[in-house]
Amino acid sequence: MSIKLKHSGGNSVIIAAPSSNPASDRTLTLPGDADGTVLTTTNPKAGNIIQVVSTTKTDAFGSSSTSYTDVTGFSATITPTSSSNKVYVMVYVNSSADVRYAAFRLVRGSTNIAVGTGITGSQEAVSFTVGSNNSNTYDNLVLRNQSIAILDSPSTTSATTYKLQGRVTYGTGNFYINRIPYTDTTSTYVMRAASTITLYEVAA
């Protein structure tokens, strides 16, 4: 069964029944108060969001490592549908430290992304940093909210993992995710938080 709509110029558009029997009745509802255009291809337009993957980390993490280490449970994996598509990466992190300097970097697989350039000598390319003033006791009560976003080009259709790594860059101590260094269980100002990493596949 089909419906044939004929244009005044002579040619027609045919609305045809599905080629196979649907699992159940399907309804196509036309808008009652708006005009629109029927999409004539399944290929998305440039900039369309194809899929979204997100990870929320609600537990705490801490490390005294002076080498970059993965933040446990804080990664997201996406499989792009086309190697020409991009991945928009958004990371929101709540972090703290009981040392003067600690650094984080965003990593795709084993490749650092969203890090600085133009470093010389012993300088280090990072995504963002955290630290505390050891001479100020109240600095241990501060949980810092940090964010970074990048439109990345993984150039693959294989499963691709994005993650956060961190390390202590100066002194002896720890950096933390989702918690402050202070651990007094009787204080209302000892806080815990959540961090998220979200991936959007963007059509090329």
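The legends below describe close-up views of a predicted model.

View 1. Ile3, Leu5, Val13 and Ile15 form a nonpolar surface patch of about 380 Å². Two strands, β1 (2-6) and β2 (12-16), each supply at least two residues of the nonpolar patch. Ile15, one of the patch residues, belongs to strand β2. The relative accessible area of Ile15 is 47%, so this residue is classed as partly exposed.

**View 2. The largest nonpolar core.** This core comprises 25 residues, of which Val91, Tyr162, Ile197 and Leu199 touch the most other members. At least two core residues come from each of the strands β5 (69-78), β6 (86-97), β7 (101-108), β9 (128-130), β11 (160-170), β12 (175-177) and β13 (195-202). Strand β6 makes the greatest contribution, giving five residues to the core.

**View 3. The surroundings of Tyr162.** When residues up to four places away in sequence are not counted, Tyr162 touches Ser75, Ala76, Ile78, Val87, Val89, Val107, Arg108, Ile113, Asp152, Pro154, Ile197 and Leu199. Two of these neighbours, Ile197 and Leu199, are named together with Tyr162 among the core residues that touch the most other members.

**View 4. The salt bridge between Arg108 and Asp152.** The side chains of Arg108 and Asp152 meet in a salt bridge, with an N to O distance of 2.7 Å. Because Arg108 lies in strand β7 and Asp152 in strand β10 (residues 144-152), the pair ties together parts that are 44 residues apart in sequence. Both Arg108 and Asp152 are buried.

**View 5. The salt bridge between Glu124 and Arg167.** Glu124 and Arg167 form a salt bridge in which the closest N and O atoms are 2.7 Å apart. Glu124 is located in the loop between β8 (111-113) and β9, whereas Arg167 is in strand β11, so this pair links parts that are 43 residues apart in sequence. Glu124 counts as partly exposed, at 31% relative accessibility. Arg167 has a relative accessibility of 16% and therefore counts as buried, the limit being under 20%.

**View 6. The salt bridge between Lys57 and Asp59.** In the salt bridge between Asp59 and Lys57, the closest N and O atoms are 2.9 Å apart. Lys57 is buried, with 2% relative accessibility, while Asp59 is partly exposed, with a relative accessible area of 45%. The model has four salt bridges by the rule applied here, including this one.

Definitions and conventions. Residues are numbered from 1 along each chain as its sequence is written. This is a predicted model: local features need pLDDT of at least 70, side-chain atom pairs count only at pLDDT 80 or more; totals for chains, interfaces and linings use all residues. Side-chain values use heavy atoms; hydrogens and water are left out. Patches are made of residues with over 30% relative accessible area and no salt bridge: like charges are joined within 9 Å, nonpolar side chains (Val, Leu, Ile, Met, Phe, Trp, Tyr) within 5 Å. Accessible areas come from the Shrake-Rupley method with a 1.4 Å probe; for residues, only the protein chains shown count as cover. Helices (H or I, at least four residues) and strands (E, at least two) are DSSP runs, numbered from the N terminus. Buried means under 20% relative accessible area, exposed over 50%, partly exposed in between (1.4 Å probe, protein chains only). A nonpolar core is a set of buried Ala, Val, Leu, Ile, Met, Phe, Trp, Tyr and Cys residues joined through side-chain atoms within 4.5 Å. Contact means heavy atoms within 4.5 Å.
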